[in-house]
Amino acid sequence: MSLALDRSRSGETLPQISLIEEFLLLTLEDSGGEFDSVPEIYLSCGIAGAALMDLALRNRIDSDLDGVFAVDATPTGDASLDRALAEIAAEPRRLSAQDWISRLSRLAPAMRKAALSTLCARGVLRQSDHAFLWVLKERRYPVIEGQERPEAKKRILALLYNDDIPSPVDVALTSLADASFVFERILAPKELRRVKPRIEQIARMDLIGGEIARTAHRVNVETRAAERRTVIAGLAGNVMEWYDFGVYGFFAAAIGSQFFPAHDPSTSLLASFGVFAVGFIARPLGGLLFGHIGDRLGRRAAVVASVVLMIIPTLLMAILPTYQQIGVAAPILLVLLRLAQGLAVGGEYTTSMVLLVEEAQPSRRGFVGSFAPFGALGGLLLGSAVGATLLAFLPEQAASTWGWRLAFFSGLMIGLVVFLIRRRLPPDEKIVQTEDARKSPLGEAFRTQWRTILKVVGFTLGNGVGFYLCFVYISTWLKEQQHVSSSAALTVNSLAIFCMLILTPLAGALSDRIGRKPVLIIGAAGLALSAWPLFWFINTPHLPAVLAGQCVFALFMSCYGASPAFLVEAFPKHVRCSGLSVGYNLAQSVFGGTVPMVAVFLIKITGNPLAPSYYLMVAGAVSLLMALLIGDDAEAGDA
């Protein structure tokens, strides 16, 4: 039994437009757009089904009770179809049509891109930003060799209201449209009920439409479940990472007095923040190590290894003796533990970004990718909440002496949970198929992506400086400059972080609708223009004013929720972890982790409590420029 009607037996010649192209045009809105009205899973399975149908109509494949098999491996001249044909011909087993639809749906984004490029080259469509618009009036195909062919939607709709015998191509298109919920979008409910028997009559002439619908439903369920698992795994690791860093920042004064005793409290604080910055020195090395692991061995191996390396220093931080107990060995050990944490963190955040974005559906990359900063904010919020709770329930002396150790013990428990979650992630597929291409992803990244890496460094300035200045150092700044109590400062900071926590996924989702750059430009420009006015506004002991100012900062910083998808899409897949880890961690190491120390230094030499705002203004301006430049060349290739 064949997959579809045989075009050669019907006497029909091949159209100039392939079945994949006609299916895409059938799903395109009348005014043009991004095909976003059709569920993405169904669109991908529909494209895969169209490839199988087209190959069957070209007499390249057939099927029997055992499954689909190739009968003629001669190339068709269509790159997308030939790639699918090569996979079928190379498969020794006879897989079912459902299995092939599921398998080929992975190639659907590339097939769609190639088909749209061909349609634009033929003058059927034109691209405007992310949208595809019709070139000719009434959406008719160009006249080819004196013949004009009615476009797909007109042909299929006309077919539903007459008793004509449909051509094999239109049988296939009707079946594809029915399986992919196209008719539910283009017909009113009353009209759909009226023509539903005719749709079913035509669809029965083709045997693959039902397979598409069943496969799409199964793939949809599986994809959503895999996406949820990945989000939880990526989010949980970032919660742990930034919980530990947040706790250290919030208890910097207490840690400084115990490990760096000095007559001048500012000197102890500066030394404590210096150790905070030490953790960032190791981040580029961690990025190199785990980026190589992520590109060479897979994303899962990298994120599991990073969380293991994070658990051990966290435990030791909680039990580390003070300067008074073991002398100079205490600060030395503290520095070494911070270096180990920095090494783990260097690969954690960027690899989890890659993991989240790659596992998401293309239309949801911004939203799913935003859970990387969402997890970081959640960890920072949790650290702030734990710090505020300890300060509220313990005497300040007890909290400063040993209470901060309880916070690190809590981080250890989080780490164990994260490890168990990540161990359950499925193994990675090969990033690239050829062994030679996998030998040195780091060298390949430096050789081919060095311009993008430098742009990522500049872009990350606004995110890094803004994050650590506005949500880590700010609590210490309020206490030192405005004599706000530690508990009040941490509470206000927690509320502002919670505001940013809510807004970040919304910014990621918005970037899926309007593009990454507009969202990121708003955030970077907002930081550059509002840094000094907002610091001036919150330079007061009045907590409502402080909260309002920090919430505005949270609004602009939340726009960077679109940055994971933006940065991941800037690199080709086989060097993505390496290139992104190097650029992102280099910026965080040199500029992000030194923010508290630089802020204290700027205030000390200028005597101006608003001096840190100038640093943020410059960082925001550089980030804005890089947001405009990233993606303007073709260096990265396909996302």
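**Figure 1. S494 sits in helix α25.** This close-up comes from a predicted model. S494 is buried, at a relative accessible area of 11%, which falls under the 20% cut-off for burial. Leaving out residues up to four places away in sequence, S494 touches L381, S384 and A385. An α-helix has 3.6 residues a turn, so residues three or four places apart point the same way.

**Figure 2. Helix α19 runs from residue 371 to residue 393.** Of its 23 residues, 17 are buried, so α19 is largely enclosed by the rest of the structure. Its length agrees with expectation. At 1.5 Å a residue, α19 should span 33 Å, and its end C-alpha atoms lie 32 Å apart. The helix also supplies at least two residues of the lining of the largest cavity.

**Figure 3. The largest cavity has a volume of about 150 Å³.** A search of the whole structure finds four cavities of 30 Å³ or more. The lining of the largest cavity counts 16 residues. Nearest its centre lie Y349, P373, N463, F467 and Y584. Four helices each supply at least two lining residues: α19, α23 (450-471), α25 (486-514) and α29 (576-592). By class, the lining holds eleven nonpolar residues, five polar ones and no charged ones.

**Figure 4. Helix α27 covers residues 543-558.** Its 16 residues should span 22 Å at 1.5 Å a residue, and the end C-alpha atoms are 22 Å apart, which agrees. Buried residues of α27 are A545, V546, G549, Q550, F553, A554, F556, M557 and S558. The cover over these buried residues includes α23, α24 (473-482), α25, α26 (516-538) and α31 (611-629).

**Figure 5. F23 is found in helix α2, residues 19-27.** The residue is buried, with a relative accessible area of 0%. F23 and L173 stand 150 residues apart along the chain, yet their C-alpha atoms are separated by 6.3 Å. Setting aside neighbours within four places in sequence, F23 is in contact with L43, G46, I47, L173, L176, A177, S180 and V182.

**Figure 6. N59 and F181 are non-glycine residues with positive phi.** Phi of N59 is near 60°. N59 lies in the loop between α3 (40-57) and β1 (61-64). Its relative accessible area is 31%, and N59 counts as partly exposed. Phi of F181 is also near 60°. F181 is found in the loop between α8 (168-179) and α9 (182-186). At 38% relative accessibility, F181 is partly exposed.

Figure 7. The chain has 639 residues, and 57% of them count as buried. Among contacts with a separation of 6 or more, 80% join residues 24 or more positions apart. The chain exposes about 25,900 Å². Carbon and sulfur atoms supply 63% of that area.

Terms used
Residues numbered from 1 in each chain as written. Predicted model: local features only at pLDDT ≥ 70, side-chain atom pairs only at ≥ 80, totals over all residues. Heavy atoms only, no water. Buried < 20%, exposed > 50% of the residue type's maximum accessible area, 1.4 Å probe, protein only. Contact = heavy atoms within 4.5 Å. Areas by Shrake-Rupley, 256 points an atom, 1.4 Å probe, with all protein chains shown as cover. 1 Å grid on protein atoms, 1.4 Å probe; cavity = no way out; pocket = protein on both sides within 12 Å on 5 of 7 lines; lining within 4 Å. Points joined across faces, edges and corners; volume = space filled by probe spheres on them. Nonpolar A, V, L, I, M, F, W, Y, C, P; charged D, E, K, R; others polar. Expected span 1.5 Å × (residues − 1).
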